[in-house]
Every structure is written in C-alpha cells, then in structure tokens.
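Have a look at the structure first, then read on.

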Amino acid sequence: MTEKEKMLGGDLYFPSDKVLTALRVQCRKQLDILNSTCQSEHKTRTQIVKKLFGTTGKRLYIESSFKCDYGENIHVGESFYANFNCVILDAARVTIGDNCMLAPQVGIYTATHPLDPTERATGIEFAKPVTLGHNCWVGGNAVINPGVTLGDNVVVASGAVVTKSFGDNVVIGGNPATVIKAISN
C-alpha cells in the first residue's frame, strides 16, 4: 500500500512521504491564492474552493484565512459557510452536510498520533474521519477531534472540545463536550 492509501484507510503512515508532501505543498499554493483573493471576489473564491475540495454544493462561502492539509478529502454539502481562521486537517475524509456553519477559529482535526512515545517519535501518524450532519452550527474556537460524527441539527457551543460522537438534535458544549440540552422542533 502507498502511504496515501494507508492514510486514507486509517492505518499508520508517514506524512513525510514524497507524494503526501507534494500534495500538501500543492494545497498550500491554492490556499495562498484563496487567502490573498479579496472577499469581494466571491465568484473567484468559490471556484478556487470547488477545485480544492473533493466535493461541494453549489453555494459555499469561506472567509480568509482558511487552512487545510490536502483539501481533496473535504466534502461539503449545499450552503456551507466557514468564518475567519478555520482549520480543517483532512488527512482522512471530512464530510459536512447541507446548511452547516463554522464560526471563527473552528478546528476540525482528523490527524492523530500514537500514544506510545517511541512510536510517536518516528513521525508516524494515523487519521480518523470526521462527519457533521445537516444543519450543524459549530461555535467559535470549538475543536472537533478525530473520529467524531455529529448528527443532524447539532449545535456545538463556543470553545467546546468534541472528543466523541453525538446524535441528532442536541446542543453540546464543554471540555470534553457533553449534551447541554435537546433541540425540539
């Protein structure tokens, strides 16, 4: 298996692999263009993101500065919005449903490292996918950790650290995040 196949398969891989490094460099170049393109040039910015991401809906808007590792592993639905300074580390697939909003400085992380210090010192890592359902709102400075799945209509409070998955129709917050209340329609 290639290091990229290992990475996408959730196996241990070396991020220093030449192919993965080249993909990250290519992504950084696209991010430099995106982040230096004026916000008023919405059509151009949208085209850049559509080329960068794996899949998108028709309507999306990302404020600068935005950062990610590969871009191609990010899949967003219709009406996606990311506010200032969001970071998505997409060593594994990141799937975000329709009508989702990320507040400023949200971090979505798929990359993780071995707990064993000797193994970790080799530079090896692995990744776990992250999924957000439809109609999710992630508050400012919240962190979504590797392997988390959030259901539909989930609100993540500002500053939350989400370390486990949650179902539909809940407000979650805290560190680690817990259910604050149910959302009833």
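## Ground rules

This is a predicted model, so to speak a computed one: local features need pLDDT of at least 70, side-chain atom pairs count only at pLDDT 80 or more, and totals for chains, interfaces and linings use all residues. Residues are numbered from 1 along each chain as its sequence is written, and side-chain values use heavy atoms, with hydrogens and water left out.

## Cysteines

How many disulfides turn up in a search of the whole structure? The search finds 0, where a disulfide is a pair of cysteine sulfur atoms within 2.5 Å. Cys38 is in no disulfide, and the nearest cysteine sulfur to it, that of Cys86, is 19 Å away.

Cys68 has its closest cysteine sulfur in Cys27, at 3.5 Å, which is too far for a bond. Cys68 is buried, at 2% relative accessibility, while Cys38 is partly exposed at 42%. (Buried means under 20% relative accessible area, exposed over 50%, and partly exposed in between, using a 1.4 Å probe and protein chains only.)

## Nonpolar cores

A nonpolar core is a set of buried Ala, Val, Leu, Ile, Met, Phe, Trp, Tyr and Cys residues joined through side-chain atoms within 4.5 Å. The largest one here has 40 residues, and Phe66, Leu102, Leu150, Val156 and Val162 have the most contacts inside it. Apart from that core lies another, of 9 residues, including Tyr13 and Leu23.

Pick out Val162 in your viewer.

Grid points are joined across faces, edges and corners, and a volume is the space filled by probe spheres set on the points.

The largest pocket holds about 160 Å³ of space. Its lining includes Leu23, Cys27 and Tyr70, and H2 gives the most, with 4 residues. (Helices, H or I of at least four residues, and strands, E of at least two, are DSSP runs numbered from the N terminus.)

The largest cavity has about 30 Å³ of space. H3 gives the most to its lining, with 4 residues.

Technical notes. 1 Å grid on protein atoms, 1.4 Å probe; cavity = no way out; pocket = protein on both sides within 12 Å on 5 of 7 lines; lining within 4 Å.
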